[in-house]
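User: Could we go through how the helices and sheets of this structure are arranged? I will ask as we go along.

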Amino acid sequence: MKVLQISNYFPPHIGGIEQVASDVCSALEGTCEQKVFCFNHEKGDAEDTVDGVQVVRAGCFAKVASQSLSFSYGRLLKKTFLRFAPDVVVFHYPNPFGAHYLRKLLKRHPACKLILWWHLDITRQKLLGKLFEGQTKWLLRRAARVVATSPNYIAGSAHLTSVREKCTVIPCCANAARIAADAAVSERAAAIRAAHPGKILLFAVGRHVPYKGMEYLVRAGKLLDDRFVIAIGGKGPLTQSLRELAAGDEKICFLGRIPDDELKAWLAACDIFCFPSVTKNEAFGIALAEAMAFGKPAVTFTIPGSGVNYVSLGGVTGIECPNGDVAAYAAAIRTLADDEALRLQYGRAAKARVEENFTSEHFVQNVRALFAEV
């Protein structure tokens with residue numbers, strides 16, 4: 001069997017979709033011949049090999065409304081498709097630009113199976129969503145199976161409920177390598193704790209974009225007293241405005257982009273993991289699952305139709321707050337800070353939930369079962 005994955009990007013360019021595409025490659029290792037097609041984060045076309053899988057990258061000249069654009073994409077995808085002759089295509093949605101060219105190829109090759117890996121609805125760019133409505137419906141009809149990352153997302157998506165009989169739930173995973181802590185990580189975590197004696201450490205990480213909700217965490221921080229330290233990792237378009245919003249609040253520190261081992265150290269060191277995403281653009285929350293794997297209770301918002309509230313269960317693995325309610329978010333943090341036993345109880349439940357549902361082993365089993373079915 002030959003499997004062609006079409007992703008927006010692919011490692012070393014890292015994001016949620018890219019991580020899932022990489023995890024699919026790992027899950028299928030040794031079972032089939034694989035190739036990946038994606039955009040290049042630079043202008044030129046390129047080919048390389050990542051963990052034994054050939055990756056073809058189409059040079060990108062611009063990005064509009066989160067959609068990458070490429071002059072060479074269509075020609076390069078056609079060339080890759082015809083030479084590789086895949087039996088199965090895994091298309092990571094949304095990617096309207098890529099879907100335009102894939103649709104032409106699939107019409108000419110009806111024997112090729114399509115697995116539509118549905119990461120999220122197009123919600124923020126409403127005009128784009130309407131413009132590509134016909135294309136999206138065609139993909140859903142053509143797909144042999146549609147993968148959703150949580151049952152919550154199926155229930156909350158009009159597109160997915162329309163093809164519920166085709167849907168398979170495969171949760172993202174807390175990748176084993178990303179949650180493995182060695183002695184060096186433990187030492188660094190101890191150093192972080194020692195640098196903040198007697199403090200309750202809050203940690204959040206993610207791109208600084210609107211749907212990640214970091215603004216709400218900064219505002220909640222203003223309602224907390226000085227026994228807290230709020231460490232925020234990541235960067236993005238909103239970094240400067242977040243710094244300005246946090247000005248004068250000495251509890252808050254911005255860590256910038258942090259390497260994997262430093263991320264693990266902060267996850268090990270923190271008392272509470274803050275995950276303040278506020279829209280369905282946060283379809284699952286891989287970073288949330290990784291923090292839970294470290295035994296950390298989470299504070300989240302209620303996001304209708306998102307998998308966030310499937311990953312972390314309110315009153316079981318953490319506290320869930322009304323969406324966008326800064327006062328409630330601060331109150332939840334204080335509740336966990338004041339009750340160490342509750343923090344430990346939720347932390348243990350969080351770790352158990354990951355071990356029972358979101359490990360690499362579960363992901364491999366689910367992916368292989370899907371391909372056996374297709």
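Analyst: H11 lies across strand E11 (200–205), strand E12 (228–233), E13 and strand E14 (272–275), and its direction makes about 140° with E11. Contact means heavy atoms within 4.5 Å. Axes are lines fitted to C-alpha atoms, for helices over the stretch in contact, and angles run from 0 to 180 degrees between N-to-C directions. Helices (H or I, at least four residues) and strands (E, at least two) are DSSP runs, numbered from the N terminus.

User: And what are these values based on?

Analyst: This is a predicted model, in which local features need pLDDT of at least 70 and side-chain atom pairs count only at pLDDT 80 or more, while totals for chains, interfaces and linings use all residues. Residues are numbered from 1 along each chain as its sequence is written, and side-chain values use heavy atoms, with hydrogens and water left out.

User: In what order do the strands of the sheet with E11 run?

Analyst: The order is E13-E12-E11-E14-E15-E16, an open sheet of 6 strands with parallel pairing. Two strands pair if DSSP finds at least two bridges between them. Strand E13 (252–256) and strand E16 (318–321) are at the edges with a single partner strand each, so one side of each has no neighbour in the sheet. From one strand to the next, the twist averages 20°.

User: How many bridges hold E15 and E16 together?

Analyst: Strand E15 (residues 298–301) pairs with E16 over 4 bridges, in the parallel sense. Phe 301 is opposite Cys 321 of E16.

User: Back to H11. At what angle does it pack with H8?

Analyst: Helix H8 (residues 183–195) and helix H11 (residues 260–269) pack at about 55°, with axes 8 Å apart. The two helices are therefore oblique to each other; angles under 35 degrees count as roughly parallel, over 145 as roughly antiparallel, 65 to 115 as roughly perpendicular and the rest as oblique. Residues in the contact include Ile 192 of H8 and Trp 266 of H11. By class, the contact has 7 nonpolar, no polar and 5 charged residues. Here Ala, Val, Leu, Ile, Met, Phe, Trp, Tyr, Cys and Pro count as nonpolar, Asp, Glu, Lys and Arg as charged, and the others, Gly among them, as polar.

User: What about H1 and H16, which residues meet there?

Analyst: Val 20, Asp 23, Val 24, Ala 27 and Leu 28 of H1 meet Phe 363, Val 364, Val 367, Arg 368 and Phe 371 of H16. This contact divides into 8 nonpolar, no polar and 2 charged residues. The axes of helix H1 (residues 16–28) and helix H16 (residues 360–373) come within 9 Å and cross at roughly 75°, and the helices are therefore roughly perpendicular to each other.

User: Which strands make up the sheet with mixed pairing?

Analyst: That open sheet has 8 strands in the order E3-E4-E2-E1-E7-E8-E9-E10. Strand E3 (46–50) and strand E10 (167–169) are its edge strands, each pairing on one side only. Within the sheet, strand E1 (residues 2–6) and strand E2 (residues 33–40) run parallel and are joined by 5 bridges. Ile 6 is opposite Phe 37 in E2.

User: Where does H2 sit?

Analyst: H2 lies across E1, E2, E4 and strand E7 (88–93), at about 175° to E2.
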